[in-house]
Amino acid sequence: MMLRRPLLAAAIAFAARPIQAQTRSRVVATFSILGDLVREIAGDRVDLAVLVGPDIDAHAYQPRPTDVRVLAAAQVLVSNGLGFEGWIDRLAEAAPFKGRRVVASAGVASLTTGGGQRHGHGHGPDPHCWQDVGRVRKYVATIADGLAASDPGNAAFYRERARLYGGRLEALDKWVRDSIAAVPADRRKVITGHDSFRYFSAAYGVQFLAPRGVKTDSEPTARDVAALIRLVREQKVKALFVENMTNPALVEQIARESGGVVGERLYTDALSAQGGPAATYEAMMRHNVTALVGGMAKN
Ligand code: ZN
């Protein structure tokens, strides 16, 4: 139900385009955050379809028949890579997709997932690079290059928009640093249910404590709960957070039993819907950092 709507909308958008618009490049982005980056770079000069929409967990995504049709008709496919979309290669083959593949994380220094971390992609490179604004600036350059190569008539347009957006991201990165710097160093730690903040942690110096083996799609076990309560008490952490595409039960239970406080919901692997607090990448980062800083003040 939740999955169907954006896909149908995408399919309809492709089918119902007016005649002149058919010269626009058809671009598919795998999930909402990449969709926003493509929109910032390409504006309305491309026909954009996003496979995994707002508030949906891309790790656990099950492609639908409409995805096959959307991909078969596309000139460009923008994916994150690093194993984030475990379903994309088979989908592209099934379509078949014959256009240009743009892997947004290409050339970005990746971190490795820790042992026991299993929320859908197991061991190997950690795909959540977008939690570091600096790495997203590289994403933007890579996506702009891919769009320009696929659609040379608009190359200058894409490059100029990417340059302006890159400037905004540079300012955003500085704002994140300044905001975190205002929190005393010994209080810069929080607890989350899903371990997707390694890049944020490395870039901005916040310690994220997530329990081992917690998946985005399963109920917490008694052992998960006991381990987290121990952690919260040992570390004297009051700042607990849940994420938009994650079952909040575990973190809410921990808060009840440890005296912690659950802060505002964080947006990690998916944007919010339009009108929500994280409808764009920039809004997502500002929302998350504001929530994190407010939570850490209680530590
Ligand atoms: Zn994730």
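Residues are numbered from 1 along each chain as its sequence is written, and side-chain values use heavy atoms, with hydrogens and water left out. Because the model is predicted, local features need pLDDT of at least 70 and side-chain atom pairs count only at pLDDT 80 or more, whereas totals for chains, interfaces and linings use all residues.

The structure holds twelve salt bridges. One of them joins the side chains of R198 and D126, at 2.6 Å from N to O. R198 belongs to helix α7 (residues 198-204) and D126 to the loop between β4 (100-103) and α5 (133-150), so the pair ties together parts that are 72 residues apart in sequence. Helices (H or I, at least four residues) and strands (E, at least two) are DSSP runs, numbered from the N terminus. R198 also forms a salt bridge with D195, with 2.9 Å between the closest N and O atoms. R198 counts as buried because its relative accessibility is 17%; buried means under 20% relative accessible area, exposed over 50%, and partly exposed in between (1.4 Å probe, protein chains only). D126 is likewise buried.

The largest nonpolar core has 73 residues, and those with the most contacts inside it are I143, F200 and Y281. Such a core is a set of buried Ala, Val, Leu, Ile, Met, Phe, Trp, Tyr and Cys residues joined through side-chain atoms within 4.5 Å. At least three residues of this core come from each of domain 1 (5-173) and domain 2 (183-296), the bounds being taken from an automatic or database domain assignment. Another core, of 13 residues, lies apart from it and includes L228, I229, V232 and V251.

Four strands form an open sheet in the order β6-β5-β7-β8, with parallel pairing; two strands pair if DSSP finds at least two bridges between them. At the edges are β6 (207-209) and β8 (261-262), each of which pairs on one side only. Strands β5 (residues 189-192) and β7 (residues 239-241) run parallel and are joined by two bridges. Within β7, L240 is the bridge partner of I191.

Methods. A salt bridge is a side-chain nitrogen of Lys or Arg within 4 Å of a carboxyl oxygen of Asp or Glu.
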